[in-house]
Structures are given as structure tokens and as C-alpha cells.
Amino acid sequence: MIDRKTPPPYGIIDKIRFPLPEQEILGNGLSVHTIQDGVHDIVRLDYSFPAGSRYASLPLTAFAVNQLLQEGTKKYHARELAEKLDYYGAVFKPWITSDTAGLTVFTLSKHLIHVTGLVQSMIIEPLFPEEELLVFLQKRKQQFLVEMERVSYRARNRFTEVLFGENHPYGRTLREDDFQLINREVLRHFWENTYSSSQSWVLVSGKPGPSRLKDLKKKLAAIPLRTEKDALPSFPDIESCPGKRHVIPMTRHVQSALRIGRLTFPRNHPDFPAMLVLNTILGGYFGSRLMRNIREDKGYTYGIGSFILPLHNAGYLTVVSEVGSEYTANAIAEIYREMEILQREPVKDDELDLVRNYMMGDLLRELDGPFSTAETYRHVVDAGMDMSHLLHIMETIKHITPGEIRELAQKYLCPEDMKEVIAGRMDE
Amino acid sequence: MIRFEKTTLGNGLRVLVHHDPASPLAAVNILYDVGSRDEDPGRIGFAHLFEHLMFGGSVNVPSYDTPLQQVGGENNAFTNTDITNYYLTLPSNNLDTGLWIESDRMLELNFTEKNLQVQRQVVIEEFKQRYLNQPYGDAILLLRPLAYKVHPYRWPTIGREISHIQEAGLEEVKDFFYSHYAPNNAILVLAGNVTPDRGFERAAYWFGDIERRNIRPRNLPVEPPQESHRHLTVHRPVPFDALYLAFHMPERTHRDYHACDLISDILSNGKSSRLYRSLVMEQKLFSDINAYITGERDPGLFMITGKLTDGVPVEAGEKAIHNELEKMREERVPSHELAKVKNQVEANWLYGETDILNRAMNLALFEWLGDADMINSETEKYHKVTAEQINQVARNLFRMENLSTLYYLRQKEPLNHETST
């Protein structure tokens with residue numbers, strides 16, 4: 001008979017080995033980072049530009065530019081671009097955040113140079129054709145109106161408005177009227193200002209092979225970038241909306257979406273690594289306090305969690321859930337209760353040990369293979385940092401004490417500092 | 001090429017090991033050959049509810065998640081119409097912890113009445129979050145019973161009505177466990193930094209003494225061929241009309257399966273695909289359109305779903321889709337286009353291979369389909385599909401008497417964004 005009662009012995013993750021990216025500045029000033037690793041002949045390319053929504057007067061402008069790069073260039077019609085990318089089996093994903101916008105491409109190494117040629121044309125000579133723009137706006141507007149019927153979407157948007165202010169670059173959200181304000185000139189103007197910024201950079205990961213990597217760099221060096229530093233617009237003051245609770249009534253819905261949180265800070269803030277640990281304990285994994293209480297004990301929800309979103313000039317922490325309408329008030333009370341417990345009682349050693357091990361395991365997963373590493377690395381570099389940031393996080397995970405966690409909770413988890421957004425019904 | 005070794009333990013558990021020394025992780029995937037098709041019509045949603053209960057503690061391990069998190073692991077599971085699949089990844093030196101908790105819950109569960117009560121509620125909230133509280137969320141719940149009349153694919157895995165889940169009792173849940181969860185009804189795959197020798201030895205250690213069980217024989221009714229077009233119209237508080245088409249298609253192991261999949265790619269994979277190009281970009285009839293296959297073990301569905309552009313009558317969109325389907329039936333696919341969708345399949349297959357968990361899951365799936373070796377000939381099967389076969393298969397699929405159509409129309413009542421301030 002084997003002993004099934006006693007947990008098998010296990011090892012602690014002490015060090016994580018990950019490939020260190022190589023960095024090179026090309027003749028045009030473009031910074032190229034490479035992570036050469038992996039067994040398959042495939043490559044991931046991440047192009048990154050300071051073209052996030054905060055730099056446009058309407059969030060839709062930045063989004064539209066990012067999406068429409070693939071809809072026609074001087075060299076290629078939209079149909080041709082789509083045909084060729086699909087023919088090569090490339091996966092092409094434009095993406096955008098408040099700060100940054102970019103393009104991520106997966107391709108077979110053998111097609112790398114062809115695919116890069118197409119992407120290059122999108123970046124340096126997009127046309128934003130009238131017809132494609134109209135179809136885009138129609139589609140996007142319909143998607144927006146469907147999204148407006150989702151409690152989660154409404155709560156998410158209202159929450160950033162409440163935290164930063166409705167007209168702040170980090171707070172402003174899409175509105176129906178915005179669709180009438182977009183035209184080719186607006187797009188073109190935004191593209192000119194952002195997609196040739198000297199702050200642009202490219203991350204190459206996977207297995208391009210030495211000669212293709214050389215050809216790729218030659219190509220990337222031909223992207224005309226401005227040499228002068230961007231004159232970044234000043235960062236306006238944050239003016240949170242007054243009032244604590246913001247309710248969006250959606251009475252037909254059987255669940256309410258909740259966001260409860262507060263402003264925090266960028267990734268380079270000294271408290272950032274420790275906040276990752278505090279957040280994990282509160283709502284950052286399946287065994288978190290919020291999950292165990294609100295899902296696994298009370299059954300109010302299918303899922304609840306919390307996360308920290310670092311931005312270039314700010315950041316926020318938020319609890320997120322969709323709960324049965326009849327449980328809305330109880331769920332909110334329990335969320336605050338969990339924050340108060342973290343402020344009052346030091347985390348017990350066995351829970352903290354578990355969280356340390358879980359977080360180290362999570363980093364191990366995030367740094368497994370060139371593409372996961374690229375994903376992690378992109379966020380780090382985007383915040384103006386390097387991989388030593390990850391080492392710093394690991395050290396914090398290993399050495400933070402229950403006392404430090406409680407202090408952090410006292411500083412950042414005061415229920416009275418939280419803003420609440422509820423989209424749905426508040427049944428009593 | 002995914003190399004693996006395979007053995008079968010004395011109790012019938014199939015064990016596959018795929019060694020990848022480059023990863024510091026190990027993935028453990030256990031597939032149980034039970035899905036919502038194995039449920040009683042009076043107990044719909046049981047297989048999935050059961051998946052939740054599998055995390056409620058087993059005979060020697062009071063909590064499933066805690067010991068795994070303790071060693072740096074992460075896990076999840078899913079249930080579909082055919083299978084229930086549990087998976088985890090952890091640092092490979094802690095493989096034993098994963099095998100310990102997985103083998104113990106195969107041995108015997110030990111959840112409480114309170115556990116059952118909470119998970120019933122969690123599943124009901126999941127039902128709401130994913131289906132009832134989403135615009136268009138109930139479309140698939142409506143389509144299945146339209147397309148299937150006798151086969152259990154007629155009900156959705158999440159459940160049909162909340163009452164079945166609310167009424168689930170401890171005894172019948174236990175009965176479900178012993179009729180479906182057993183070494184002889186499961187496939188275990190270990191992938192990552194685990195050699196076959198070590199993997200087989202540890203799997204035998206942890207799973208070897210679990211006894212074989214009597215699995216309830218599967219006797220599913222065969223869906224008779226559909227004889228005439230079926231149609232359903234519903235009105236819902238959504239901003240735009242939507243259209244859903246469901247054609248019956250062959251089962252996963254049928255020789256025409258790969259052709260069906262390629263047809264769905266020709267129609268809607270990527271921005272160069274036919275439905276997107278023609279109906280969204282050129283004719284501007286739809287704001288969004290998609291074709292996909294359910295890919296189930298028993299004969300599944302070939303689905304086409306689209307949201308109409310504001311103001312376009314649903315019949316106009318429907319007619320345009322049928323025009324495209326007629327081309328699929330009657331016109332030969334240009335060789336360049338066929339090569340394109342095959343390239344897409346091959347590339348996507350390779351991108352997927354970078355992830356050890358994905359490899360582990362695929363090995364389990366192919367073994368469940370009959371033989372894990374098929375994993376290495378899968379892309380070849382796509383390559384062998386000819387233009388003639390595409391026409392032939394399309395002619396078989398896209399017949400009116402093989403079709404169920406759902407009009408999901410906007411109900412004339414104010415929407416949220418029109419009423420709230």
C-alpha cells in the first residue's frame with residue numbers, strides 16, 4: 001500500500017533560467033531585441049509604438065489607426081495583404097493599450113522575409129482608404145452597441161472614467177458619437193505622429209536562423225524613424241469622479257458586474273513587486289481569499305479576481321466579478337471584509353509559503369519557451385525597464401514578510417479609498 | 001513530429017509520455033471518456049457539474065488545489081459534449097504531487113453536501129455569466145434542440161434548465177462517478193521534462209492500484225437523417241438581427257472530416273476568406289460572420305453565424321450566404337485558395353506545438369479518437385484533401401433538408417444603452 005495521506009516531497013523553485021534578450025540599435029535608431037530560442041522554425045515579431053489611446057484626442061482614433069494599417073497601403077490593396085498573410089499561414093494581430101500600440105505576427109521562419117515586407121508596408125505607407133474605413137466604422141459601431149449590452153463591458157469602461165476622470169487620456173472611453181468624428185485626415189495625422197516615433201522598437205523571438213535574422217534587420221533598418229525624441233504631451237492631472245458608488249442600471253440582467261478598486265502606480269514604483277504578492281493573496285489566483293470566500297464558500301459567482309494594471313504614468317488595482325444580482329450587496333460586503341482582514345491580520349506562514357511557490361511557478365510558466373518569454377519581456381520593456389525587474393520581483397516573492405504585506409494592505413487596501421462601479425441590478 | 005511512448009497499466013489506464021527536456025515544466029493531462037452526451041435526459045448538465053465537484057477534495061486529499069499551488073502548479077478542466085478533460089502544469093521535479101492528487105481523485109471522491117450545494121450555485125452563475133446574461137448568449141441553447149431530435153447532442157453541456165442542476169443529489173452524483181470515472185475509462189498523458197521510464201514508473205506507482213470499474217455502456221441513439229429544412233425565429237433584446245445556420249456533418253473520425261474543416265476555413269478563416277471578403281467587405285450585409293465545425297465524436301454540426309449590418313433584412317443576408325454555399329458546391333476551388341487554407345492549417349498546427357500543455361492535450365485527444373499516433377499524420381490528412389472532394393463534401397453538407405436555421409431578431413424594446421443615463 002502506498003501512503004496517500006502524506007504529500008510527496010517537493011522542491012522549491014529557487015532560480016529561473018530564461019534567455020536574456022540581445023539588443024541592437026539599428027542605423028535608423030530602431031531598437032531591436034532578439035530572443036533566439038525554441039525548436040520549431042517559427043518566429044514571433046512584436047512591433048511596438050508609442051501610439052496608445054492616450055495620445056489621441058479620441059480613443060477610437062488610436063484604435064482605428066492600429067486596425068486599419070492592414071487595410072491598404074501604397075504597395076498593396078487590403079485584399080492583397082489579407083491574401084498573402086493568409087497564404088503564408090501568418091497570424092497577424094494588431095493590439096493597443098492606453099500607452100502603446102503594436103503589431104504581433106507569427107510566421108514560419110521560411111516566410112519571415114516576405115511577411116516582414118508586408119508588415120513594413122503597413123507601418124510606413126498605409127493609406128487608410130475611404131471604403132475600408134467606412135466598413136470598419138460600421139462594424140466597430142455595431143460591435144460597440146453589442147458590447148453596451150454586456151454588464152462587464154459597461155462596468156469596465158465606467159470604472160476607468162470614475163478613476164481618472166471622464167476626459168482624462170486614461171479615463172476616456174468610447175462613445176457612440178465618436179464614430180462620426182473619425183475621418184482619413186484624423187487617422188493619417190495620428191499615424192504620422194506615432195508610427196515613426198524614435199521610441200518604436202521590435203522584438204524578434206523564436207528561431208529565425210542567422211541569415212534570415214540579418215536580412216530582417218536590414219529590412220527593419222529601412223523603416224524611416226524620426227531622429228528627434230517625441231515631444232510627449234504633458235500628462236494631465238487625474239480628477240476622479242466624485243462619489244464612491246457608481247451604478248449603471250441594467251435591469252433585465254440576471255448578474256451584476258462589479259469593479260472595486262483604486263489608483264496605484266506604474267511598474268517602476270518601489271511598491272510594485274510587493275503589490276503583486278498582496279494582489280495574488282487577495283484575488284490573483286484560484287486559491288485567493290476572494291475566490292475561496294465568494295465563489296468556493298458562498299457560491300455568489302462563477303469567478304472573482306483582482307489585478308493590478310500598471311500604466312506609464314499611473315496604474316490601478318481592481319477587483320472584478322460578475323455576481324448573481326441577488327448577491328450583489330453581499331458580495332460587495334465580503335470584498336471589503338477581505339480587504340479589512342488583510343489590513344488587520346498578518347498572513348499566516350503556510351499561506352504565504354504557498355503564494356511564494358505559486359508565484360514562482362507562474363513565472364516559470366511565463367518564461368517557458370521563447371514566445372511566452374517574449375510576451376513577458378514586452379511588458380517589461382514597454383514600461384522602460386529590463387529583465388532585472390523580473391529578478392527584483394523574484395527576490396520580493398522570496399523574501400517579503402507577513403508584516404510588510406500587512407503594511408502594504410494598510411496603505412493600499414483601505415475600503416474608504418475604493419471606488420465602486422456596479423453595472424446591473426442591486427437587489428436587496 | 002511529436003514523439004511519445006505508450007503503455008497500458010493492468011487496470012486499463014492508458015499512459016502516454018512525451019519527453020521534452022527543453023522545458024522546466026511537466027504537464028499532466030487526464031482525459032475521461034465522459035461528456036454531456038452520456039447524461040440522462042432528466043439530468044442535463046451533470047457531467048459539467050461533476051467536473052466542478054472533482055475539485056472538492058478526495059478520499060486522502062482534502063483539497064485538490066492547495067497542494068498543487070504549494071508546489072508551483074496550476075490547473076484547470078473543461079467538459080464538452082464528448083469528454084471531460086483535466087490538466088495541470090508544474091515544475092517537473094514536483095511531478096509526484098500532480099500524480100498524487102490526480103490519482104486520489106480517480107480513486108475516490110470525498111466532497112460534502114455543502115460542497116455540492118456551493119458548486120451547484122457556482123455552475124448556475126456560470127450558466128448565467130456565459131449564456132443567459134450575454135447578448136446572443138442563448139443562441140446555441142436554441143440551435144442544438146433544433147438540429148438534433150434524438151441524439152444527446154440536442155442538449156448543451158452547460159445544462160438546459162437550472163432546475164436539473166438545482167435538484168442534483170449527493171447519491172446520484174456519486175453514482176455518476178462510479179459509472180464513468182475509472183482507470184479503464186481514462187487516458188493519462190505526461191509531457192515535458194519527464195522521460196518515458198520515469199513517467200511510466202511514477203504513473204504505475206500512483207495509479208496502478210486503483211481498481212478497474214464497470215463503465216456504464218454507451219448506447220446512444222443515432223440521429224436519423226434530417227428530412228426537411230427546420231426553421232426557428234426568436235425575438236430578443238439585442239441591438240442587431242443575427243442569423244445562425246447549422247448543417248449536419250460527419251463524425252470526427254470520418255474520412256470527410258478534414259474536408260469539412262477546410263471548407264469552414266475557405267469560408268471564414270482570416271480576412272481573405274470568402275464570407276468575410278464578400279459579405280462583410282464587399283456587399284456589406286454582415287458586420288461579423290463566421291463558419292466553424294463543432295468537430296464532435298459523433299456526427300456534429302457545420303455552423304455559420306453572422307450579425308447583420310443594421311438595416312439589412314435577415315432574408316437578404318441568408319440569401320447571400322446560400323449563394324456562397326452554392327459556389328462551394330458547384331465551382332471548383334482554385335488551387336491557390338486550397339493551398340492557402342492548407343498552409344494555414346500547417347502553420348497553426350506548428351504554432352500550437354510550442355506549448356507542452358497543448359501537446360499533452362492533443363496526444364490525449366488522438367489516443368481517445370483511437371490512436372495517439374494519428375497526431376503525426378493529422379496535417380497530412382488535410383494535405384490529401386482534393387478540390388473534387390471539397391465539392392463533393394460541400395454538396396453533401398449544404399442541402400436545405402440538412403439545415404436548421406435560426407433567425408435571432410431584435411425585439412422592439414429599448415436597449416440598455418438607450419435607457420440608462
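How far apart do the C-alpha centres of domain 1 of chain A and domain 2 of chain A lie? In this predicted model, the two centres lie 29 Å apart.

## Domains of chain A

Chain A is divided into domain 1, residues 22-220, and domain 2, residues 245-424. Contact between these domains involves 34 residues of domain 1 of chain A and 34 residues of domain 2 of chain A. Together the two domains bury about 2,900 Å² between them, with 72% of that area on carbon and sulfur atoms. On the side of domain 1 of chain A, the residues that lose the most area to domain 2 are A:V151, A:F159 and A:L163, which together account for 22% of what that side buries.

## Domains of chain B

Chain B is likewise described by two domains: domain 1 covers 5-207 and domain 2 covers 230-419. Taken over C-alpha atoms, the centres of domain 1 and domain 2 of chain B are separated by 28 Å. In chain B, 40 residues of domain 1 are in contact with 37 residues of domain 2.

The area buried between domain 1 and domain 2 of chain B is about 3,100 Å², and 68% of it is on carbon and sulfur atoms. B:Y136, B:L143 and B:L146 are the residues of domain 1 of chain B that lose the most area to domain 2, together 23% of what that side buries.

## The interface between the chains

The size of an interface is often expressed as the accessible area lost when the parts come together. Between chain A and chain B, about 6,800 Å² is buried, of which carbon and sulfur atoms give 53%. The contact draws 75 residues from chain A and 80 residues from chain B. Within chain A, the residues A:R4, A:Y87 and A:Y302 supply 13% of the area that this chain buries against chain B, more than any other three residues.

## A mixed sheet in chain B

Chain B contains an open sheet of 6 strands, arranged in the order β1-β2-β6-β3-β5-β4, with mixed pairing. Strands β1 (5-8) and β4 (74-79) of chain B stand at the edges; each has a single partner strand, so one side of each is left without a neighbour in the sheet. On average, neighbouring strands of this sheet are turned by 15° against each other, direction ignored.

Strand β3 (residues 25-32) and strand β6 (residues 186-192) of chain B run antiparallel and are joined by 7 bridges. The bridge partner of B:N29 in β6(B) is B:V189. Helix α3 (residues 95-107) of chain B lies across β3, β5 (84-91) and β6 of chain B, and runs at about 155° to β5(B).

## Nonpolar cores

The largest nonpolar core has 82 residues, and those with the most contacts inside it are A:I16, A:V277, A:I335, A:M339 and A:L413. Helix α13 (residues 356-369) of chain B gives the most to this core, with 9 residues. Leaving aside neighbours within four places in sequence, A:I16 is in contact with A:M360, A:L363, A:L364, A:L367 and A:M394. Another core, of 73 residues, lies apart from the largest one; A:Y55, A:Y76, B:L142 and B:L143 are among its residues.

## A buried arginine

B:R329 is located in helix α11 (residues 314-330) of chain B. Is B:R329 buried or exposed? Its relative accessible area is 19%, and because buried means under 20%, B:R329 is buried. Not counting residues up to four places away in sequence, B:R329 touches B:N391, B:A394, B:R395 and B:F398.

Technical notes
Residues numbered from 1 in each chain as written. Chains lettered and ligands numbered in written order. Predicted model: local features only at pLDDT ≥ 70, side-chain atom pairs only at ≥ 80, totals over all residues. Heavy atoms only, no water. Pairing = 2+ DSSP bridges. Helix = DSSP H or I, 4+ residues; strand = E, 2+ residues; numbered from the N terminus. Axes fitted to C-alpha atoms, helices over the stretch in contact; angles between N-to-C directions. Contact = heavy atoms within 4.5 Å. Core = buried A, V, L, I, M, F, W, Y, C linked by side-chain atoms within 4.5 Å. Buried < 20%, exposed > 50% of the residue type's maximum accessible area, 1.4 Å probe, protein only. Domains from an automatic or database assignment. Buried area = accessible area lost by both parts, 1.4 Å probe.
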